[in-house]
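I opened this notebook to record, step by step, what I looked up in one protein model. The entries follow the order in which I worked.

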Amino acid sequence: MTSSRCVVALALAASLAAAPAGAAPLLPVAEPVAAPDPPRAGVLVGLPGWGRRSGPGTLHTYRVFVEAAVPVSPGEFASFVADVLGDRRGWGSLGHAFRRVPADHESDFRIVLARAPTSERLCEPVETYGRYSCFDGYDAVVNHMRWRDGAPAYEDIERYRTYVVNHEIGHALHFGHTTCVTPGGRAPVMVQQTKGVGACRPNPWPAPTGG
């Protein structure tokens, strides 16, 4: 008998001896083992190089970072963000322009795609419960769980991703949360649509009619 089997046998014998007469035998209970973090958890990878300016208007610079443990490349995420910010239905229609700068360059804000535990840490002191994205004053943090799974109000994951980018960038532009005021109408993009849209319809754009 191997040494590990001896240990188990001795533990079982001890539990049987200690049990009252007629009682069910007590079996040794294994301690739960926490799942290990994936490789490079918490490591943020920034995208080098310069992006194109999105258009006229007040220029805002940003950097793109993706947690290394997320199965999305920084380039892929940056391309999606640039398409959203450059769309005629986006913040550009309201007088804002954007340009991505290299990861080692100074910028007005960062946009970060990260796992739920990392996004929760980055969002502090904003409480996200590991379920929500946030803007913490400098970082627009997108929760990868939401990026992957979306939210109940959205059947189309691309539309939800568009919403979450526009919503968190809206905070970077100093817009606060608002509410649904027109039942049956489009929800303003600064409604917390991840939590629901109430009597409104989901809407991922600041200017859905193109300004």
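The entries below go from the overall fold to single residues.

**Entry 1. Ground rules.** I noted that this is a predicted model, in which local features need pLDDT of at least 70, side-chain atom pairs count only at pLDDT 80 or more, and totals for chains, interfaces and linings use all residues. Residues are numbered from 1 along each chain as its sequence is written, and side-chain values use heavy atoms, with hydrogens and water left out.

**Entry 2. Overall fold.** I looked up the helices and strands, which are DSSP runs numbered from the N terminus (helices: H or I, at least four residues; strands: E, at least two). The protein has five helices and six strands, in the order α-β-β-α-β-β-α-β-β-α-α along the sequence. I then looked up burial (buried: under 20% relative accessible area; exposed: over 50%; partly exposed: in between; 1.4 Å probe, protein chains only). Of the 211 residues, 42% count as buried. I also looked up contacts (heavy atoms within 4.5 Å). Among contacts between residues at least 6 apart in sequence, 64% join residues at least 24 apart.

**Entry 3. Helix α2.** Which residues of α2 are buried? They are P74, F77, A78, F80, V81, V84 and L85. These residues lie on the same side of α2, because they cover an arc of only 160° around the axis (the arc is taken from the directions from the helix axis to the C-beta atoms). E76 and D83, on the other side of α2, are exposed.

**Entry 4. Helix α3.** In α3 (residues 116-123), I found T118, S119, L122 and C123 to be buried. Seen down the axis, they fall within an arc of 130°, so they line one face of the helix. The buried residues of α3 pack against β1 (44-46), β2 (58-67), β4 (109-114), β5 (134-135) and β6 (139-143).

**Entry 5. Aromatic rings.** I searched for aromatic pairs (rings of Phe, Tyr and Trp, the last by its six-membered ring, with centres within 6.5 Å; planes under 30 degrees apart are stacked, over 60 edge-to-face, the rest tilted). The structure holds seven such pairs. One of them, W91 with F175, is stacked, at 4.9 Å centre to centre and 20° between the planes. This pair links distant parts of the chain, 84 residues apart: W91 is in the loop between α2 (74-86) and β3 (96-100), and F175 is in the segment after α5 (157-172). W91 is buried at 3% relative accessibility, whereas F175 is partly exposed at 35%. I also noted that F77, F80 and W147 form one aromatic cluster.

**Entry 6. Charges over rings.** I looked for charges that sit over a ring (NZ of Lys or CZ of Arg within 6 Å of the ring centre and within 35 degrees of the ring normal). The charged end of R110 sits over the ring of F65, 4.7 Å from its centre. K195 lies over the face of Y132, at 5.0 Å from the ring centre.

**Entry 7. Backbone details.** Which residues does a cis peptide bond join? I found E124 and P125, with omega of about 10°. P125 is in the loop between α3 and β5. Y129 is also found in the loop between α3 and β5. Y129 has a positive phi of about 55° although it is not a glycine, and at 53% relative accessible area Y129 is exposed.
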